[in-house]
Amino acid sequence: LVAKGEMLLMGEPRVHAVLSQMAGALRARDPDLAISIFKLAVERGLTPDAHCCSSLIKAYGMKKQADKALEVVRMMLELGVAPDLVTLNAAMDACEKGKRPEEVLRLFREEVPRHGLVPDIFSYTVLVNMYGKRGELAEALALFEEAVACGLEPELPAYTAIIKAAVKKDDMGTALALLRRVFDSGLSPDARLYNTLLWGHTKRLEWSKAMQILRLMEAKGLVPDRLTYSYLLSCLVDCNQLEVAQSLWREMRDKGHVKPNLELYSLAVDMFAKAGDTTQAVTIFKEMRRNRVQPNLVTYTALMEAFVRAGYPMAALSISDEMRRKPGLARDVTSCVWRLKCFVELGDLEGIENLIQEMQDSGIHLNVVVYNQYLRGAMRSGRYELALQILSALFEKRLLPNLETHQCLLEMPTPSTGGAVSGLAHGDGVESQMEEAREQLVMFYHAALKLLAEQKVRARVNLYVACLHACLRTDRLDLAAEVMALRRANTLQIFQLFKKHEEKVHRWERKIDRELDARFYSNKNLV
């Protein structure tokens with residue numbers, strides 16, 4: 001900036017010199033520098049022409065400052081400088097980027113004809129971009145065909161804009177038809193156009209088609225960029241194609257075309273975490289630090305997941321603590337869930353409750369996944385009354401239990417958590433403690449099933465089976481009858497699950513014959 005300023009201050013600035021300086025700044029993607037050069041030149045007595053004003057409008061367009069771009073157009077009219085098509089196209093582009101669609105249409109429909117100008121392919125491309133971003137594919141296609149009907153030959157940016165509009169609307173058929181038109185017109189698609197198509201396939205989780213686009217790019221001699229690999233790796237992880245994702249990551253590193261950025265590093269850590277390769281996830285995390293790429297929330301959460309999956313909750317907690325110390329990293333519900341899982345694995349119910357209180361104080365929404373972890377911690381600790389309270393709170397928040405909720409209800413207490421079965425290995429009153437623990441479990445299952453039935457939530461079959469098992473072991477046939485009544489419509493499924501233990505089923509049937517109340521016994525469907 002100092003060097004360019006000195007050049008301008010050597011004498012009265014000339015238009016071509018200012019244009020050259022501003023063009024260089026715009027090529028360097030530095031709109032502030034271009035604006036400062038223009039202002040400095042005007043202060044030194046330069047009378048700007050249409051070309052200088054067009055460069056200034058382009059700079060404001062890069063900053064998405066539509067109002068200032070329109071001010072330049074008004075200033076030109078006041079100075080008697082007639083805007084040319086380049087000027088109005090730049091103003092239209094600035095208004096499109098600044099989300100001023102009404103001004104884009106006014107410039108296209110009114111200002112361009114008023115100055116005796118005819119729209120070119122760039123004018124139509126701006127409008128196609130605008131309608132495409134708004135999801136109005138029909139309007140974008142109509143404008144594209146209007147440009148063709150006017151005798152304009154669409155260039156690659158125009159095709160990219162209309163294909164992007166089709167992809168955004170999830171119309172891959174139209175996008176591929178337009179790609180055929182690109183080839184038919186003799187144009188060679190660039191990496192940006194291929195990335196647009198690749199984005200469309202990855203949005204639909206069509207990972208094999210996305211990989212075909214990658215191979216087509218390479219066959220055409222194009223080098224995939226960060227965006228290409230980012231789309232592909234994200235899609236492969238979402239589709240659980242972890243082996244393919246790992247192979248693609250290694251291929252990217254071996255070719256050396258792309259230097260990983262924060263997003264790619266985070267995707268790689270997440271990918272290896274889900275694949276269970278904790279060593280590789282940690283290696284990539286260390287490489288990030290060596291390359292001075294600061295991990296973000298996604299990176300830390302993925303590394304926590306890797307340690308939890310590998311059975312190292314303490315290591316995951318240390319990563320979580322490091323993340324919490326980082327300024328500017330706001331916690332989200334996903335990172336909190338993995339911290340909750342650490343406390344669950346460690347049997348730290350107090351840590352779970354403290355973290356949930358922190359989440360509530362921070363305004364983080366407690367979803368069903370959070371309640372599931374809380375429920376799992378309570379079940380593993382043998383805190384059945386607390387588990388019922390958590391289940392009730394789930395319904396009070398109008399959250400529906402999912403498959404994981406039912407799996408949490410089947411969690412058994414462990415001796416290390418100090419729950420209902422703790423101390424059973426010490427030999428004092430073992431049998432009585434076991435009986436008490438079984439009785440508590442039966443009552444909990446019965447209460448949980450009744451609560452689910454009251455809320456009109458269909459409980460899973462394995463939850464009924466677990467409850468019936470517990471009823472048989474404690475001879476609580478009265479509760480067994482009530483459970484059977486709750487599951488009246490699908491009793492046959494329950495007995496089918498017991499089919500491989502026929503003797504137990506027959507013994508159970510005999511007990512029902514002897515001891516069940518007559519009103520249940522009379523209903524043959526229950527038996």
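This is a predicted model: local features need pLDDT of at least 70, side-chain atom pairs count only at pLDDT 80 or more; totals for chains, interfaces and linings use all residues.
Figure 1. A disulfide is a covalent bond between the sulfur atoms of two cysteines.

**Figure 2. Buried or exposed: where do cysteine 235 and cysteine 336 fall?** The cut-off to keep in mind is that buried means under 20% relative accessible area. Cysteine 235 has a relative accessibility of 3%, so this residue counts as buried. Cysteine 336 has a relative accessible area of 2%, and therefore is buried as well.

**Figure 3. Aspartate 270 and its surroundings.** Look for aspartate 270 in helix α16, which covers residues 262–274. With a relative accessibility of 16%, aspartate 270 counts as buried, because the cut-off for that label is under 20%. Its side chain is joined to the side chain of lysine 274 by a polar contact of 2.7 Å. What else is aspartate 270 in contact with, leaving aside its neighbours within four places in sequence? The partners are Val237, Ala302 and Glu305.

**Figure 4. A look into the largest pocket.** About 820 Å³ of space lies in this pocket. It is lined by 30 residues, and those closest to its centre are Asp93, Glu96, Lys97, Phe122 and Asn129. Which helix gives the largest share of the lining? That is α6, with 7 residues. Helices that each supply at least two lining residues are α4 (50–62), α6 (85–97), α7 (101–114), α8 (121–133) and α10 (156–168). Sorted by class, the lining of the largest pocket holds 13 nonpolar, 5 polar and 12 charged residues.

**Figure 5. Stepping back to the whole chain.** After the close-ups, here is the setting they belong to. How many helices and strands does the chain have? Its secondary structure comes to 30 helices and 0 strands. The chain has 527 residues, and 47% of them count as buried; cysteine 235, cysteine 336 and aspartate 270 are among the buried ones. Now consider contacts between residues at least 6 apart in sequence: 64% of these join residues at least 24 apart.

How values were computed: Residues are numbered from 1 along each chain as its sequence is written. Side-chain values use heavy atoms; hydrogens and water are left out. Helices (H or I, at least four residues) and strands (E, at least two) are DSSP runs, numbered from the N terminus. Buried means under 20% relative accessible area, exposed over 50%, partly exposed in between (1.4 Å probe, protein chains only). A polar contact is a pair of N or O atoms within 3.5 Å; within protein, one must be able to donate a hydrogen and the other to accept it, and residues adjacent in sequence count only if both atoms are side-chain atoms. Contact means heavy atoms within 4.5 Å. On a 1 Å grid over the protein atoms alone, a cavity is a set of points where a 1.4 Å probe fits but cannot get out, and a pocket is an open set with protein on both sides within 12 Å along at least five of seven lines; lining residues have an atom within 4 Å of a point. Grid points are joined across faces, edges and corners, and a volume is the space filled by probe spheres set on the points. Ala, Val, Leu, Ile, Met, Phe, Trp, Tyr, Cys and Pro count as nonpolar, Asp, Glu, Lys and Arg as charged, and the others, Gly among them, as polar.
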